[in-house]
Amino acid sequence: MRYLEVACRLLLVTVFGVAVYTKVSGRPGWLSFVDSLRQLPVPTSVARPAALLTVSVEVLVALLLLVPLRWAGEIGFALAAGLLVAFTSVIALAVAKGSRATCRCFGASSTRLGWPHIVRNGTLLVVAVLGLAGASAPESLGASGALLAGVGGLVLGVLVTAMEDIFALIRPIGRPRRP
């Protein structure tokens, strides 16, 4: 169970770390993230404070999950779960209202928010809950097993952050060409 916790930690650290980096890397990244929040079903007056709060909590989650202490992991996983519930709820509301907002989770994107984003966040929520359950397991870790679990989590985290690009590569294969 502790190996699962290590994989969950690295997966979420990767996802939240990339999310923070792409949101704050340069003025266009930050402004496009704030603008994307204005397209969601939240009051536009709270877009900038919500963006700042979002990025701050994402940083806190990543830092807590990097600390190899049980209490830090438990708090990090719980905060990640709360943040993912909030993200999923806002996205589901946007989809239900027919919003044309684009996903700025990992930087600039032209992909509209939709069910794949809800599924992705729901899956990450499950990862956070599994990590929280594993954080309280009493078993000790072997170095090679922990390394393998960590690398697995890192690879899965990279795949999650590249989800839209992967889907874009797959989608055209099934679509017939128009003359």
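1. Helix α4 (residues 70-96) packs with helix α5 (residues 115-135) at an angle of about 160°, and the two axes are 8 Å apart. Angles over 145 degrees count as roughly antiparallel, and α4 and α5 are therefore roughly antiparallel to each other. The way α4 passes α5 is a left-handed crossing. This is a predicted model, and the points below should be read accordingly.

2. On the α4 side, the contact between α4 and α5 is made by R70, E74, F77, A80, A81, L84, V85, F87, T88, I91, A92 and V95. The residues that α5 brings to this contact are W115, H117, I118, N121, G122, L124, L125, A128, G131, L132 and A135. Sorted by class, the contact of α4 with α5 holds 16 nonpolar, 5 polar and 2 charged residues.

3. Helix α4 also packs with α3, at an angle of about 150° and with the axes 8 Å apart. Here, too, a left-handed crossing is found, with α3 passing α4. From α3 the contact takes T54, V57, E58, L60, V61, L64 and L65, while α4 supplies W71, A72, G73, I75, G76, F77, L79, A80, L83 and F87. Of the residues in the contact of α3 with α4, 13 are nonpolar, 3 polar and 1 charged.

4. A further pair is α1 and α3, which pack at an angle of about 145° with their axes 9 Å apart. Their crossing is left-handed. In this contact, α1 is represented by R9, L12, V13, F16, A19, V20, K23 and V24, and α3 by T54, V55, E58, V59, V61, A62, L64, L65 and L66. The contact of α1 with α3 comprises 13 nonpolar, 1 polar and 3 charged residues.

5. The largest pocket holds about 500 Å³ of space. Its lining consists of 29 residues, and those nearest the centre of the pocket are F33, L37, L40, T54 and F87. Two or more lining residues are given by each of α1 (2-24), α2 (27-38), α3 (47-66), α4 and α5.

6. Which element gives the largest share of the lining of the largest pocket? That share comes from α4, with 6 residues. By class, the lining of the largest pocket is made up of 21 nonpolar, 4 polar and 4 charged residues.

7. Two residues link these points. T54 takes part in the contact of α3 with α4 and lies among the residues nearest the centre of the largest pocket. F87 belongs to the contact of α4 with α5 and is likewise among the residues nearest that centre.

Methods. Residues are numbered from 1 along each chain as its sequence is written. This is a predicted model: local features need pLDDT of at least 70, side-chain atom pairs count only at pLDDT 80 or more; totals for chains, interfaces and linings use all residues. Side-chain values use heavy atoms; hydrogens and water are left out. Axes are lines fitted to C-alpha atoms, for helices over the stretch in contact, and angles run from 0 to 180 degrees between N-to-C directions. Helices (H or I, at least four residues) and strands (E, at least two) are DSSP runs, numbered from the N terminus. Angles under 35 degrees count as roughly parallel, over 145 as roughly antiparallel, 65 to 115 as roughly perpendicular and the rest as oblique. A crossing is left-handed if the near helix is turned anticlockwise from the far one by less than a right angle, and right-handed if clockwise. Contact means heavy atoms within 4.5 Å. Ala, Val, Leu, Ile, Met, Phe, Trp, Tyr, Cys and Pro count as nonpolar, Asp, Glu, Lys and Arg as charged, and the others, Gly among them, as polar. On a 1 Å grid over the protein atoms alone, a cavity is a set of points where a 1.4 Å probe fits but cannot get out, and a pocket is an open set with protein on both sides within 12 Å along at least five of seven lines; lining residues have an atom within 4 Å of a point. Grid points are joined across faces, edges and corners, and a volume is the space filled by probe spheres set on the points.
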